[in-house]
Amino acid sequence: YVKLVKAKGELIWHHHEHEDELFYILKGTFIMDFRDKTTYVKAGEILIVPKGVEHRPRTDDEEVWLMLFEPQATKHT
């Protein structure tokens with residue numbers, strides 16, 4: 001599924017046992033924390049989080065618009 005998302009703030013640390021997640025950033029800068037690094041993803045860029053990898057999505061004070069590609073049944077925290 002393709003999900004359109006407006007995000008602001010941060011989610012908790014989590015992982016998805018059975019599915020990868022693909023983030024395509026439309027507006028703003030999206031921040032993805034991993035246990036060993038932090039990745040900044042700007043408008044027009046893509047980030048893939050492989051299944052089983054612990055991560056924490058977040059933004060600074062700005063709202064970020066993105067498309068999220070993942071199975072329909074994927075649960076979010």
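View 1. What you are looking at is a predicted model, where local features need pLDDT of at least 70, side-chain atom pairs count only at pLDDT 80 or more, and totals for chains, interfaces and linings use all residues. Residues are numbered from 1 along each chain as its sequence is written, and side-chain values use heavy atoms, with hydrogens and water left out. Of the 77 residues, 34% count as buried (under 20% relative accessible area; exposed is over 50%, partly exposed in between, with a 1.4 Å probe and protein chains only).

**View 2. The strands and the overall fold.** You'll find 0 helices and 7 strands here, and along the sequence they read β-β-β-β-β-β-β. The radius of gyration is 11 Å, close to the 11 Å that the globule rule gives for 77 residues, so the chain is as compact as a globular protein of that length. (That radius is taken over C-alpha atoms, and the rule is 2.2 Å times the number of residues to the power 0.38; helices, H or I of at least four residues, and strands, E of at least two, are DSSP runs numbered from the N terminus.) Along its principal axes, the C-alpha trace spans about 30 × 30 × 20 Å. Take the contacts (heavy atoms within 4.5 Å) between residues at least 6 apart in sequence: 71% of them join residues at least 24 apart.

**View 3. Close-up on His55.** His55 sits in strand β6, residues 55–58, and is buried, at a relative accessible area of 0%. Its side chain makes a polar contact with the side chain of Glu21 at 2.9 Å (a pair of N or O atoms within 3.5 Å; within protein, one must be able to donate a hydrogen and the other to accept it, and residues adjacent in sequence count only if both atoms are side-chain atoms). A polar atom of the His55 side chain also lies 2.8 Å from the backbone oxygen of Val53. Leaving aside neighbours within four places in sequence, His55 is in contact with residues including Trp13, His16, Met32 and Phe34.

**View 4. Close-up on Thr59.** Now slide along to the loop between β6 and β7 (64–69), where Thr59 has its place. Thr59 counts as buried, at 8% relative accessibility. The Thr59 side chain reaches the backbone nitrogen of Gly9 at 2.8 Å, and one of its polar atoms lies 3.3 Å from the backbone oxygen of Glu62. Not counting residues up to four places away in sequence, Thr59 touches Ala7, Lys8, Gly9, Phe30, Ile31 and Val64.
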